[in-house]
Amino acid sequence: MLKKTLKMPGEDGVVSNEPKRRVSIITEPISEARVGHDNFGFEPNKRKISQHSHHSEEGPVRRKSNLHNANADSSNNKSLDQRNGEVRSKKPSFSDAFAKINQEYENAQQNAHLEQSWIYALCMRCREEYTTPSWEPPGWQRICPYPLCPPYRQIARIISIILIGVLLWITAYVIIGDSAAPGGQLFQLVVLTVAANFGGFLISLTTLPRLIGMLLVGLLFQNVGWVNLDGEFTKVTAELRKIALTIILTRAGLEMDPHAFKKVYITILKLGLIPWIVEFGLIGVLTHFFLELPWLWSLLLGSIIAAVSPAVVVPCLFRLRTKGYGVAKGIPTLIIAVAGIDDAASVAVFGIMTSIMFTAKGLAFQIAQAPVCIFGGLGFGVFWGALCKYIPEREDAYVVPIRTLMLFGGGLLAVFGSEKIHFEGAGPLAVVFAAFTASYFWCGDGWELEDNPVSTAFEIFWMIFEPILFGITGASIKIRELDPHIVSIGIGCIYTCIIIRIIVTAGIAFGDQLNVKEKIFVAVSWMSKATVQAALGPVALKTVTTQHRPHEEHHFAELVKNFCILSIILSAPLGALLISVTGTKLLKKTKPITEPPEGWRRSHRPSLHDISIIDEDEEREDIEGIADEDTAANTLSNAQTSSVFAVTK
């Protein structure tokens, strides 16, 4: 065997035929530079190497060798020696190298201590992650160092919102006058909304729903004396509640997938209606005998309390779903879908009850309330949803904003119009079915249920009206006027009904391929009350006040309102806590994935489209079968490769 020798020019002209070894310390390839600071505190197994670093490392981070870039370091230590006109490099001493190693170690220790501190964790939680490049003014990091201060984009957004609010307030003051001035009721409402939004943000840091903080802020403002929304301003707050209710019901209709509903409609109707009917009847019976409410008033209260709150359920289930809990059987989506059916039933029955109770018409008119409200609401909803298919034209450049306004305007017309003609139950049904029908036709035209831009628009509407709704709901209760005896009875009634509903739900979930633990979790997740209770609780009081009803009915309406607010305070925080704690114990965890599986929504709004109830044994057998097939294929491939090498040799 001949050796080839490559001759290279050297000092002595002799070239060695020994292969040369190149020693280098190779690090992982640097990813594409990222401009600005993202929220690295919530990226799993990633650590920011330095404040100005543009790359991250996976897994445990290894310190770089001191020999890394040794040439560059030595070049920096070069010194000019003017003697004899020669340039000589100054060799680093042992003490200098030892001091440099100590300095690097101390810096690493400081960075590790900072990353493990609660200040770092809190700052990371308050920061936002950006997917687009961001710009910062020169010197921004010296003024607002990372991670103690938010990024420039986040601060600029807050400042812009404040400026827009100030401009709108000045305009309102010029047009309206004293009501918008400091101390006026409109000004107090704006301050309450801003404070409620901030309170919701603080509560969200504890993983509890934002609405809890908003409700507590309203309760604080009312009982400290910082806000007064009574008098003629109650008309304004009542209309704001109706607008919020329209947004809630529209979002519920847009979440429903008709194709998925056909597959599991028996499970949806069974788990959505039977527990609702049980709680509706229990609240009616208990409040009739213990609070001495008339039957109509107690059933009206039952129709409100029996509703489940998606505002509490959705964020908690989304966190569990991202960790892989319950995904295999579609449990998070099943719970949210049933909550939508539950809310629709509550609003429809509430509308029928109010139509019967507060109408001055004869007996025939009252008997006609139920069928007229049901069929009238369904008819108008289907008509308006079909109209939104053809108007505007689907290729119009402004199709998204026009469809959003069409659907929103039709919902407002249904709610306010049905109240005007004394058929209040028809309006909410019309809103839900208009959104459902419109979404059905839009998906047929090519839109995806997962990424419906109209749903995103209504999410933005809800971001605006959520602090308004829960802020004024909390501000409507006065602690000093509460009767401790009535409060104690209310607490007993609420928790009794919740426990019985949990038992009934777990008992009727047979035939749905859920094990005992999953049945218990599904039942517990439907205990939270918030959204419907806040929207409908004060409606009866407003109606009684407007129609100048007897004083006794004012007392009943006050009981209904206070009972609804009490149910929110007692069930919403506890429900959110139980979902978060029991979900990791009762649900089966699957391997987390970076990309959403087929059938799951890419946004944070799960729908019926995601439901697939699979038997655990079947799923396990499928996985084992796939693994066996892959193993056999790899074995065959290795055998063929070995035979090829053997022939070659």
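Student: How many salt bridges does the model hold, counting a side-chain nitrogen of Lys or Arg within 4 Å of a carboxyl oxygen of Asp or Glu?

Tutor: The structure is a predicted one, and side-chain atom pairs count only at pLDDT 80 or more. Under the 4 Å rule, the count comes to 11 salt bridges.

Student: Which residue forms a salt bridge with Arg501, and how far apart are the closest N and O atoms?

Tutor: Arg501 lies in helix α18 (residues 484-508) and its partner in helix α9 (residues 258-290), so the pair ties together parts that are 222 residues apart in sequence. The partner is Glu279, and the closest N and O atoms are 2.6 Å apart.

Student: Which residues are linked with Glu419 in a network of salt bridges?

Tutor: One of the bridges joins the side chains of Glu419 and Lys542, at 3.8 Å from N to O. That pair links distant parts of the chain, with Glu419 in helix α15 and Lys542 in helix α21, 123 residues apart. Glu419 is partly exposed, at 25% relative accessible area, and Lys542 is partly exposed as well, at 23%. The residues linked with Glu419 in the network are Glu239, Lys242 and Lys542.

Student: Are helices α21 and α22 roughly parallel or roughly antiparallel?

Tutor: Two packed helices are described by the angle between their axes and the distance between the axes. Helix α21 (residues 539-546) and helix α22 (residues 551-586) have axes 8 Å apart and pack at an angle of about 160°. The crossing of α21 past α22 is left-handed. Because angles over 145 degrees count as roughly antiparallel, α21 and α22 are roughly antiparallel.

Student: What is the handedness of the crossing in which α8 passes α15?

Tutor: The axes of helix α8 (residues 234-254) and helix α15 (residues 399-420) come within 10 Å and cross at roughly 125°. The two helices are therefore oblique to each other. The crossing is right-handed.

Student: Where is His548 found, and what is its phi?

Tutor: His548 is exposed because its relative accessibility is 69%. The place of His548 is the loop between α21 and α22. Its phi is positive, in a residue other than glycine, and is near 55°.

Student: Which peptide bond is cis?

Tutor: Pro392 takes part in this bond and is placed in the loop between α14 (369-390) and α15. Omega is about 5°, and the cis bond joins Ile391 and Pro392.

Student: What accessible area do the residues of the nonpolar surface patch that includes Ile175 have together?

Tutor: Ile175 is found in helix α5 (residues 152-176). Ile175 counts as exposed because its relative accessibility is 68%, where over 50% is required. Other members of the patch include Ile158, Trp169 and Tyr173. Together the residues of the patch have an accessible area of about 890 Å².

Notes: Residues are numbered from 1 along each chain as its sequence is written. This is a predicted model: local features need pLDDT of at least 70, side-chain atom pairs count only at pLDDT 80 or more; totals for chains, interfaces and linings use all residues. Side-chain values use heavy atoms; hydrogens and water are left out. Patches are made of residues with over 30% relative accessible area and no salt bridge: like charges are joined within 9 Å, nonpolar side chains (Val, Leu, Ile, Met, Phe, Trp, Tyr) within 5 Å. Accessible areas come from the Shrake-Rupley method with a 1.4 Å probe; for residues, only the protein chains shown count as cover. Helices (H or I, at least four residues) and strands (E, at least two) are DSSP runs, numbered from the N terminus. Buried means under 20% relative accessible area, exposed over 50%, partly exposed in between (1.4 Å probe, protein chains only). Axes are lines fitted to C-alpha atoms, for helices over the stretch in contact, and angles run from 0 to 180 degrees between N-to-C directions. Angles under 35 degrees count as roughly parallel, over 145 as roughly antiparallel, 65 to 115 as roughly perpendicular and the rest as oblique. A crossing is left-handed if the near helix is turned anticlockwise from the far one by less than a right angle, and right-handed if clockwise.
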